[in-house]
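Okay, everyone, thanks for coming. Let me put the structure up and then talk you through a few spots in it.

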Amino acid sequence: MTTTTGDPGAGPFLSVRDLYVRFDTEDGLVRAVDGVSFDLERGRTLGIVGESGSGKSVTNLSVLGLHDPRTTHTRGEILLDGQEMTGATERTLERLRGNKVAMIFQDSLTALSPYYTVGRQISEPYRKHTGASRKEAWERAVAMLGKVGIPQPALRAKDYPHQFSGGMRQRAMIAMALVCDPRLLIADEPTTALDVTVQAQILDLLHDLQQEFGSAIILITHDLGVVANTADDLLVMYAGRAVERGTVRDVLREPRHPYTWGLLASMPRLESDVAVPLAPIPGAPPSLLAPPPGCPFHPRCAFVSEVGGDRCASERPVLAEGRSAACHLSAEQKRTLFDERIRPRLG
Ligand code: SF4
């Protein structure tokens, strides 16, 4: 059933509350997302960071209603511009995708069809959503290719994806995503396959287009370096849960969760002293078929003894609203441990 439960234009553009996503698999029920909440305002960029399997992509596919309803159980509230997305009909979701929300994937080769020209793949969704003529839609596609920095766009629109370089295909995909002026853009590892220079150009481009279109952006990545210069707000996810949130500036300056400390210590830094070795987080993320009780990070966490007893293994820490970290360490312990044991390792 589709319901409109809020005023479009009032409140955050996207509000996700207590989202749970479970998948039926041959091995049992996978708890992919476990009670995640966040808001996103218009014109802001939210970075969602975590290792693979943390639930960051699954959360966002739920916003788009892209999970197979036969094998997926979704509970919670997803309000997009006042419209409830969980339980919306396929027809409503189809209308919203491309119109209000669009997605950029990591792999432009699979997202673009090899059988159609780039111009056609950008113009068709525009025609479908706006009712524009073929000619108008083609002109719009050429203009979008120009906007994302493709040289000679009128000529290159007639090319097929394999005639584009990796960076140009990624730009073409951004043009395709933005052609209908979506209010929300979800970019899932949009620069992972690209070299560092092209990566920086694509991130700059997203920023510029956001300024022009005023869209909200969700940037999903495993790389804290990518969000550092691009996002306004940050949500760190681990084992299907949100474990830390805040503005990017606050989280990167004073991270409060041991998992975020681990991500930072394992991140290569241009300015760091080469004598300070990178420190990967020991162990591997847990199986979501049987996630650990209590804090899901406790099997890998070096600070369990600072909390004491078996609290980390038995009691689930809660992530509060606003600037917060889901960890049983006291505020004082988080400050001291970070300053004394983590900050020196960051160089
Ligand atoms: Fe580590 Fe315990 Fe904090 Fe979890 S709650 S991050 S196990 S100290």
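This is a predicted model: local features need pLDDT of at least 70, side-chain atom pairs count only at pLDDT 80 or more; totals for chains, interfaces and linings use all residues.

Residues are numbered from 1 along each chain as its sequence is written, and side-chain values use heavy atoms, with hydrogens and water left out.

So, the helices. When I say helix or strand, I mean DSSP runs numbered from the N terminus: H or I with at least four residues for helices, E with at least two for strands. Look at H5, residues 134-147, and H7, residues 166-178: their axes come within 9 Å and cross at roughly 130°. Those axes are lines fitted to C-alpha atoms, for helices over the stretch in contact, and the angles run from 0 to 180 degrees between N-to-C directions. H5 and H7 are therefore oblique to each other; under 35 degrees would be roughly parallel, over 145 roughly antiparallel, 65 to 115 roughly perpendicular, and the rest is oblique. Which residues make the contact? On H5, they are Arg-140, Met-144 and Leu-145, and on H7, Ala-172, Ala-175 and Leu-178, with contact meaning heavy atoms within 4.5 Å.

Next, His-328. You'll find it in the loop between strand E11 (324-325) and helix H14 (331-342). Is His-328 buried or exposed? It counts as buried, because its relative accessibility is 12%; buried is under 20% relative accessible area, exposed is over 50%, and partly exposed is in between, using a 1.4 Å probe and protein chains only.

What does the His-328 side chain reach? It makes a polar contact with the side chain of Arg-311 at 3.4 Å, and it reaches the backbone oxygen of Glu-315 at 2.6 Å. A polar contact here is a pair of N or O atoms within 3.5 Å; within protein, one must be able to donate a hydrogen and the other to accept it, and residues adjacent in sequence count only if both atoms are side-chain atoms. Leaving aside neighbours within four places in sequence, His-328 also touches others, including Val-307, Cys-312 and Pro-317.

Last stop, the two phi values. Asp-181, in the loop between H7 and strand E7 (184-188), has a positive phi near 55° without being a glycine. Asp-181 counts as partly exposed, at 29% relative accessibility. Glu-189 isn't a glycine either, and its phi is positive at about 45°. This one lies in the loop between E7 and helix H8 (196-213), and Glu-189 is buried, with a relative accessible area of 9%.
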